[in-house]
Amino acid sequence: DFSSIYSKDLLPTSGGEAMTRGFLQELVNILMGYISKSNQRSSKVLDFHHPHQLMEGLEGFSLSLPEQPETLEQILVDCRDTLKYGVSTGHPRFFNQLSSGLDVIGLAGEWLTSTANTNMFTYEVSPVFILMEDILLRKMQSIVGWSDDEGDGIFCPGGTISNLYSILVARFHFYPEVKTRGMGALPRLALFTSQHSHYSVKKSAAVLGMGSENVFVVKCDERGKMIPDELESSIAKAKNKGLVPFYVNATAGTTVYGAFDPFNDIADICHRHTLWMHVDAAWGGGLLMSDRHRTKLQGIERASSVTWNPHKMMGVPLQCSAILVKMKGLLQECNELGAEYLFQTDKPYDVSYDTGDKSIQCGRHVDAFKLWLMWKAKGSEGFGSQINKCLENAEYLYDQLQRRTDFELVFRHKPEHSNVCFWYIPPSLRGLPPGPERDSRLNQVAPQIKGRMMEKGSVMIGYQPLGDKVNFFRCVFSNPATQQEDIDFLLDEIAWLGHD
Ligand code: ABU
């Protein structure tokens, strides 16, 4: 009974150990209840409420902050309610995001990380985690295909920041004076990325003072792969405009189509023009773990930097993203400022393990441990099988869509990654000829079905328009809990919710 117990009664208060244990055990019960419900197909993926409803408070669940402390009884209710009104991203029918699933070992890793509550800037305060990060980065670099004497990296907060790092180090590599003299000392720089690439390239160019308009968007083929000749002509166009090309982003697993750019062709072009080649493998990097699928990333080893998010395809709890840089020492040189209160050079150990000055952050969360623990628990082979299963699910969905007459694939080719893109065609649109009238009506179908789906809470899948394609569904598989029956359910549910 925690109805008259407060946080002040827990450790470090003397005599608070039993109460602390009881409270945490109760919390584990709540979490365990949630985990077990998330794995039941009969449970909802979400219990949707509009923002104003949650803001106003629901059934005693209030988001407002009190002046007086709440009892631990109430704190436990708050925890339960927080999960109740959230989205169950571990549910086998959650297809909405590239990151999904709930890995129990990963969860244990996250708990341990929070319990240790330390900072990744120095070996002094994170001796074990710093070495684990080092081991993981080396392993990932060797899986990318770099030799033992190449490679550096750091874990950072998400794929966008990893991509930002790639542009930062590329610019520093070609123009080290930027660090002290700023962009005014540099010519106008041009970056290149494909139509289907992630928006983080433009965002990073804006953040880094290079301007999003100086990112040249290279055309893709119908599968969403960058066309090498188009890259060549974009480079020529930039030069004609007086810009200096320096950086190309290629993508391994585009966000919507899951396409893989032709890395060897792009690497040849980068070599010819002395450009930095980055591969954004935030989504596709996981396929490197699979003997069956890693050939799709052929040529990635020629990249100067790589983004790889284990929190996507490898199912590591958010967040876990790495930027890998082929050239040793560049990250450190680019970002170090040597704050003397933190990075003293006369410490009693090898201070090259004080890796924090490679980062643009000061304080840095321990993102490496949960990945390290999962790797121990599954082995590289376990990750490989997990990824194979997700791609088998994608093929199953693709086969089902080909069989059904009420759905249409956005492109005919077999999926390369676990993305499958499709339209649902309601009965009222089935006889309509292709054209603006059909497009305009079809554009409304996915958003309406999604709205109904969220109200019902039975399943979650994303949609978007892309180029000249009106709103379509994108299904992605990264959750090992998903089975073929969930895919059948998804299609039947879309057809049911959209039948009018
Ligand atoms: N940063 C890409 C994540 C997008 C998605 O989950 O759909």
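A: Helices (H or I, at least four residues) and strands (E, at least two) are DSSP runs numbered from the N terminus, and axes are lines fitted to C-alpha atoms, for helices over the stretch in contact, with angles running from 0 to 180 degrees between N-to-C directions. The model is predicted, and local features need pLDDT of at least 70, side-chain atom pairs count only at pLDDT 80 or more, while totals for chains, interfaces and linings use all residues. Residues are numbered from 1 along each chain as its sequence is written.

Q: How do α9 and α10 pack, and at what angle?
A: Two packed helices are described by the angle between their axes and the distance between the axes. Helix α9 (residues 228-240) and helix α10 (residues 263-273) pack at about 25°, with their axes 9 Å apart. That makes α9 roughly parallel to α10, since angles under 35 degrees count as roughly parallel, over 145 as roughly antiparallel, 65 to 115 as roughly perpendicular and the rest as oblique. The contact (C-beta atoms, placed from the backbone, within 7 Å) joins Pro228, Leu231, Glu232 and Ile235 of α9 to Asp265, Ile266, Ile269 and His273 of α10.

Q: Which residues does α6 bring to its contact with α8?
A: Helix α6 (residues 159-174) packs on helix α8 (residues 200-207) at an angle of about 55°, with the axes 9 Å apart, which makes α6 oblique to α8. From α6, Gly159, Thr160, Asn163, Leu164 and Ile167 meet residues of α8 that include Ser200, Val201 and Lys203.

Q: In what order do the five strands lie in the open sheet?
A: Two strands pair if DSSP finds at least two bridges between them. Here the order is β1-β11-β12-β10-β9, with mixed pairing, and the edge strands are β1 (94-95) and β9 (407-409), each of which pairs on one side only. Two bridges join β1 to the parallel strand β11 (residues 460-466), where Met460 is the bridge partner of Phe94. Helix α13 (residues 436-456) packs on the sheet, touching β10 (419-424), β11 and β12 (469-476), and its direction makes about 35° with that of β12. Helix α14 (residues 484-497) also packs on the sheet, touching β1, β9, β10, β11 and β12, and its direction makes about 25° with that of β10.

Q: Which residues are around the ligand?
A: A residue is near a molecule if its C-beta atom, placed from the backbone, lies within 6 Å of it, and the residues around the ligand are Gln97, Leu98, Gly159 and Thr255. Gly159 also belongs to the contact of α6 with α8.

How values were computed
Two residues are in contact if their C-beta atoms, placed from the backbone, lie within 7 Å.
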